[in-house]
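Hi everyone, thanks for coming along. Please have a look at the picture and the sequence, and then I'll walk you through what I found.

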Amino acid sequence: NLVEASVSGDFNIITLNQGRQADGTSAGADTGGHYINAQVNGTNNQLNISQVGNGHYAEAMVSGSSNTAAIVQTGTRNQTFAAITGNSNTMSVNQAGPSNYADVTLNGPSNVVSLTQNGTGGNKSTISLTNAGGPANVNVTQGGQGVFSINQTCVTAGGCAATTIRQ
């Protein structure tokens, strides 16, 4: 299944589920291999993506300020590519299962990224953070045998905000 969504405006709530029923419960017989591409531009928007099964691909691009995006993938060999541009935005990625990959890019001040990968191993993540103003926060938690890379650039007098890594 393929879902592509582009939303511009303020105070929107966008929920995209694959491998789930409308009420959020598991579809059960889903075989995976789904694709989501969501683009959100504006202020105070909320994007929720949920994929259950194996071999899913989620791409989320968020621009503006005070937006929230949450991506949840359950299964193996799932991929997330997410980018946030703007200020005071929050991105949460949660992948449960082995051999998943997440690539998150944040540009702007006061952004927050939280990345959690649980599974028996083989999970990988890359986070790129460019901060041209207020502090930004990065929290990474990996269970099993994970590999991560963080590239953080900030130009504030006080330096970068805290980066927390748990493996």
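A second one is pairing: two strands pair if DSSP finds at least two bridges between them.

Before we go on, a note on where this comes from. What you see is a predicted model, where local features need pLDDT of at least 70, side-chain atom pairs count only at pLDDT 80 or more, and totals for chains, interfaces and linings use all residues. Residues are numbered from 1 along each chain as its sequence is written, and side-chain values use heavy atoms, with hydrogens and water left out.

Now the overall picture. How many helices and strands does the protein have? It has zero helices and 14 strands.

Some of these strands form an open sheet: seven of them, in the order 1-3-5-7-9-11-13, with parallel pairing. Strand 1 (2-8) and strand 13 (146-154) stand at the edges with a single partner strand each, so one side of each has no neighbour in the sheet. From one strand to the next, the twist averages 5°; the axes behind that angle are lines fitted to C-alpha atoms, for helices over the stretch in contact, and angles run from 0 to 180 degrees between N-to-C directions. As one example of pairing, strand 7 and strand 9 run parallel and are joined by seven bridges. Gln79 has Tyr101 as its bridge partner in strand 9.

Let's move to strand 2 (residues 13-18). Strand 2 and strand 4 (residues 46-52) run parallel, with six bridges joining them. The partner of Ile13 in strand 4 is Gln46. Strand 2 also has two faces: Ile14, Leu16 and Gln18 are on the covered one, while Ile13, Thr15 and Asn17 are on the uncovered one.

That brings us to burial. Buried means under 20% relative accessible area, exposed means over 50%, and partly exposed is in between, with a 1.4 Å probe and protein chains only. Of the 167 residues in the protein, 38% are buried. In soluble globular proteins, nonpolar side chains tend to be buried together. A nonpolar core is a set of buried Ala, Val, Leu, Ile, Met, Phe, Trp, Tyr and Cys residues joined through side-chain atoms within 4.5 Å. Which members of the largest core touch the most other members? They are Leu47, Ile49, Met91 and Val104, out of 26 residues.

Take Ile49 from that group. Contact here means heavy atoms within 4.5 Å. Beyond its neighbours within four places in sequence, Ile49 is in contact with residues including Leu16, Ile36, Ala60 and Val72.

Is Gln51 buried or exposed? Gln51 is buried, at a relative accessible area of 0%. Its side chain makes a polar contact of 2.7 Å with the side chain of Gln73. For a polar contact we want a pair of N or O atoms within 3.5 Å; within protein, one must be able to donate a hydrogen and the other to accept it, and residues adjacent in sequence count only if both atoms are side-chain atoms. Setting aside neighbours within four places in sequence, Gln51 is also in contact with His34, Tyr57 and Thr74, among others.

Thr74 sits in strand 6 (residues 68-74). Thr74 is partly exposed, with 32% relative accessibility. Thr74 and Pro98 are 24 residues apart along the chain, and their C-alpha atoms are separated by 9.4 Å.

Finally, let's visit some loops. Ser88 and its loop lie between strand 7 (79-87) and strand 8 (90-96). Ser88 has a positive phi of about 55°, although it is not a glycine, and Ser88 is partly exposed at 34%. Asn89 is found in that loop between strand 7 and strand 8 as well, but Asn89 is buried, with a relative accessible area of 0%. A polar atom of the Asn89 side chain lies 3.3 Å from the backbone nitrogen of Ser66. Leaving aside neighbours within four places in sequence, the contacts of Asn89 include Ser110.

And Ser110? Ser110 is in the loop between strand 9 (101-107) and strand 10 (112-118). Ser110 has a positive phi near 60° and is a residue other than glycine. With 32% relative accessibility, Ser110 counts as partly exposed.

Definitions and conventions
Helix = DSSP H or I, 4+ residues; strand = E, 2+ residues; numbered from the N terminus.
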